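Please keep the sequence and the model in view while reading.

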Amino acid sequence: MIHPHNSATPLDIAVFHSVNRPATERRAASLIARRSVKGAYQAAWLLNAIACMDLTTLAGDDTPDRVRRLCAKARRPLADHIVAGLGLADMPRTGAVCVYPTIVATAVAALDGTGIPVASVATGFPAGLMPLDLRLAEIRYAVGQGAQEIDIVITRAHVLGGHWSALYDEIAAMKDACGPAHMKAILATGDLATLSNVYAASRIAMQAGADFIKTSTGKEGVNATLPVGLTMCRAIRDHHAATGHIVGFKPAGGMKTAKDALNWQMLMREELGRDWLRPGLFRLGASSMLADIERQLEHHVTGRYAASHRHALA
């Protein structure tokens, strides 16, 4: 279950500071170099990654049948023999399913009774270059269709031009349009040029009420990277220290392997602590990653890797 809503605070650009990229890159590299988990411990971390995964399809050729198949995978992400071999009492499930607004109703129906929330991208995803009233209408449409989480995109030009009040007002309006749904603010960090901009955009999004901050749409040339994630985690930590408010984090885009899932969880554990290793405060925006996690867990159970065609497509 997602954490309670974040509360907006007044705009305060005095909290911004510059970010040293080489130092950030060294710290991010050291996190994964110094941490390694094997055997049963690795299996436990991979199971946690599944629980924190937003299983996603955001393709131009998405169909209701594809979304229903994705929802079936969210309900049963692992083969029965892997679950039995791991000694699990229950089938694990993913943290959410993320789709386009027009397919939300299909996903809601397919997940009825499971407790798995449906997330929807909105606000002119992925570029966000639509008039604000249309972006707000898209949010309200998705919520009306049953989406419990909304992944919005910001106007990157506000960050690149230093238009902080405009960015704050835009995100605050989007948060209001979300109503009861939780809002994840996608910063599209690959478009923001500097880590200092990433930090500033993160602080503004949280001040405006974002419940999660998210790295990427998955459509940029550069998506989630560990240095960007480290910068955003530090912003979350600083915001919490300044306001007492807790905000979640979602890396997305470019994550394909079980090793990626482990690395991102190591970052969360080191920088934010155990509370951010639960789906209420941490999500992995991925789809193909699940297939490799399933392969690694099968190897743990059986001692061999199955051919990829033996695993259901995510």
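Is Y100 buried, partly exposed or exposed? Y100 is partly exposed, with a relative accessible area of 22%, where buried means under 20% relative accessible area, exposed means over 50% and partly exposed lies in between, as computed with a 1.4 Å probe on protein chains only.

## Basis of the report

This is a predicted model, in which local features need pLDDT of at least 70 and side-chain atom pairs count only at pLDDT 80 or more, while totals for chains, interfaces and linings use all residues. Residues are numbered from 1 along each chain as its sequence is written, and side-chain values use heavy atoms, with hydrogens and water left out.

Helices (H or I, at least four residues) and strands (E, at least two) are DSSP runs, numbered from the N terminus.

## Aromatic pairs

A pair of aromatic rings is described by the distance of the centres and the angle of the planes. Rings of Phe, Tyr and Trp (for Trp, its six-membered ring) pair here if their centres lie within 6.5 Å, and planes under 30 degrees apart count as stacked, over 60 as edge-to-face and the rest as tilted. A search of the whole structure finds three such pairs. One of them joins Y100 and F125 edge-to-face, at 6.0 Å centre to centre and with 75° between the planes. Y100 lies in the loop between β2 (96-99) and α5 (104-110), and F125 in the loop between β3 (118-121) and α6 (132-144), so the pair ties together parts that are 25 residues apart in sequence. F125, at 10% relative accessibility, counts as buried.

F249 and W264 form a tilted aromatic pair, with 6.1 Å from centre to centre and 40° between the planes. This pair links distant parts of the chain, since F249 sits in strand β7 (residues 248-250) and W264 in helix α11, 15 residues apart. F249 is buried, with a relative accessible area of 0%, and W264 is buried as well, with a value of 4%.

## Nonpolar cores

In soluble globular proteins, nonpolar side chains tend to be buried together. A nonpolar core is taken here as a set of buried Ala, Val, Leu, Ile, Met, Phe, Trp, Tyr and Cys residues joined through side-chain atoms within 4.5 Å. The largest such core holds 89 residues, of which I139, I150, F249, W264, I293 and L297 touch the most other members. Helix α9 (residues 195-207) supplies the largest share of this core, eight residues. Apart from it lies another core, of seven residues, among them L58, C98, V121 and F125.

With neighbours within four places in sequence left aside, L297 is in contact (heavy atoms within 4.5 Å) with A43, L46, L47, I50, L78, I82 and L86.

T231 lies in helix α10 (residues 226-243) and is buried, with a relative accessible area of 3%. Leaving aside neighbours within four places in sequence, T231 is in contact with V19, T24, L195, V198 and Y199.

K259 has its place in helix α11 (residues 258-271) and is partly exposed, with a relative accessible area of 43%. K259 and R69 are 190 residues apart along the chain, and their C-alpha atoms are separated by 25 Å.

## Backbone features

The loop between β3 and α6 holds P126, and the peptide bond from F125 to P126 is cis, with omega near 5°. T123 lies in the loop between β3 and α6, and its phi is near 65°, a positive value in a residue other than glycine. T123 is buried, with a relative accessible area of 0%.

A188, in the loop between β5 (182-186) and α9, has a phi near 50°, a positive value in a residue other than glycine. At 0% relative accessibility, A188 counts as buried.

## The largest pocket

On a 1 Å grid over the protein atoms alone, a pocket is an open set of points, reached by a 1.4 Å probe, with protein on both sides within 12 Å along at least five of seven lines, and lining residues have an atom within 4 Å of a point. Grid points are joined across faces, edges and corners, and a volume is the space filled by probe spheres set on the points. The largest pocket has a volume of about 450 Å³. Of the 24 residues that line the largest pocket, T56, L58, G285, A286 and S287 are the closest to its centre. The elements that give two or more residues to this lining are α3 (64-75) and β8 (284-286), and α3 gives the most, with three residues.

The lining divides into seven nonpolar, 11 polar and six charged residues, where Ala, Val, Leu, Ile, Met, Phe, Trp, Tyr, Cys and Pro count as nonpolar, Asp, Glu, Lys and Arg as charged, and the others, Gly among them, as polar.
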